[in-house]
Amino acid sequence: MRVGMLSASMSRTGGGVTGVMQTLSMDLSAIGFDVQVFAGRDESSLSDLAAWGDIPVKLHKRIGPASLGFQSGLSRSLRKHNLDLIHLHGLWMYPSIAALRASKDAIPHIVSPHGMLDPWALQNSRWKKKVAYSLFESANLKRATVIHALNERERDAIRRLGVRNAAAIIPNSVDLPNDAERPLPPEWLQADGRRALLFLGRIHPKKGVRETVEAWHLALKAKPQIGEDWLFVIAGWDDGGHRSALEALVADLGLEASVRFTGPVFGKDKEALLSNAGAFILASYSEGLPLGVLEAWSHSLPVFMTPECNLTEGFTAGAARSINNSPEMLAVFLREALSDAAELKAMGAKGRALVETKFSRQKVASSFVQVYNWSVFGGERPQCVHVVK
């Protein structure tokens, strides 16, 4: 089967969406699918191209406003490659228009919103999204053969918009690291000697990083010992210039000795950081299904996250503790949680077990194979696909 993976970006600028699309592409290619990637060219495309291995990547010049992401020649390129199926990752940009046009040429397409239809996400840049929804996104969603939701909560959010297509619920997946090949910690962390409370992701207001910094300040003020045992590490790329404001806040609060910004980390550097951190935190306001949490669990890290991360199974399994975005309440939580080493270790072990049973790459790829085959050839509907009766 010839599958076209379609997105605004195939580089690090695409954040978690790029990581999910890349992993799925490689897994499908390994079992015999003819996978090709179609994306807009950006400042990181060429440097990140090697990460896609042997998978063909078709880069298209981006023209006009960055928010639309118009890709010159994209529709022609999709038509030229005689695809059996198109899988669109992300919404609100020109690739949605290209997928809609392809559907009118009788090419089935699957849409993965990746949390972009959740209530908080819809309120962000609300009027731009209302216009886009009216002009093309509503038609794109309603013509999709299947809508891919990461969990039941995302599926229900999609249904509330009046989108009644077949919906496949398939989570993200993650690699399981080899514990026998655990990398050494970064030199700066090894020299510091403290345990790292890690935030890993794009630096954006929806991630609750500012609130976490404020909570960190309050926690250390009430219990200075935390700052002697722990270092709050903020690792990720700056989405929209928000890092400078956070750095200014850290300086204003006098936290320079207990907060470290690493910038974006990839590959071996990311593995080294995850393998040697002490805990992971994500005080997010909205997520589809955060890859960072799955990566943390795969490295046996305890996780502190908001319910908006849509990973309730983590709470049920005892692999995560629930937090909220209030700095005052989060500070109280941190004072207690970071003091119980035995509990943190037990949570991390449960997270690793959860990834092994539910979020393995093999299991997720197998579900997509079933959905792809059903979308193109018909037959018995896969168990993960839900239809409105």
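User: Is Glu 287 buried or exposed?

Analyst: Glu 287 is buried, at a relative accessible area of 5%. "Buried" here means under 20% relative accessible area, "exposed" means over 50%, and "partly exposed" covers what lies in between, using a 1.4 Å probe and protein chains only. Before going on, note that this is a predicted model, where local features need pLDDT of at least 70 and side-chain atom pairs count only at pLDDT 80 or more, while totals for chains, interfaces and linings use all residues. Residues are numbered from 1 along each chain as its sequence is written, and side-chain values use heavy atoms, leaving out hydrogens and water.

User: Which residue forms a salt bridge with Glu 287?

Analyst: A salt bridge is a side-chain nitrogen of Lys or Arg within 4 Å of a carboxyl oxygen of Asp or Glu. For Glu 287 the partner is Lys 207, with the closest N and O atoms 2.8 Å apart. Glu 287 sits in the loop between β13 (279-282) and α13 (291-298), and Lys 207 in the loop between β10 (195-200) and α9 (209-222), so the pair ties together parts 80 residues apart in sequence. Lys 207 is buried too, at 10%.

User: How many salt bridges does the rule give?

Analyst: The count is 14. One of them joins Asp 27 to Arg 361, at 2.6 Å between the closest N and O atoms. Those two are 334 residues apart, Asp 27 in helix α1 and Arg 361 in helix α17 (residues 361-377). Both are buried, and together with Asp 175 they make up a salt-bridge network.

User: Why does Asp 192 count as partly exposed?

Analyst: Its relative accessibility is 31%, so it gets that label. Its salt-bridge partner is Arg 194, at 2.7 Å from N to O, and Arg 194 is buried, at 16%.

User: Now the sheet. What is the order of its strands?

Analyst: Strands of a sheet pair through backbone hydrogen bonds, either parallel or antiparallel. Helices (H or I, at least four residues) and strands (E, at least two) are DSSP runs numbered from the N terminus, and two strands pair if DSSP finds at least two bridges between them. Here eight strands form an open, mixed sheet in the order β3-β2-β1-β6-β7-β8-β9-β16. The edges are β3 (57-60) and β16 (385-386), each pairing on one side only.

User: How many bridges join β1 to β6?

Analyst: Four, between residues 2-9 of β1 and residues 85-89 of β6, and the two strands run parallel. Val 3, for instance, has Leu 85 in β6 as its bridge partner.
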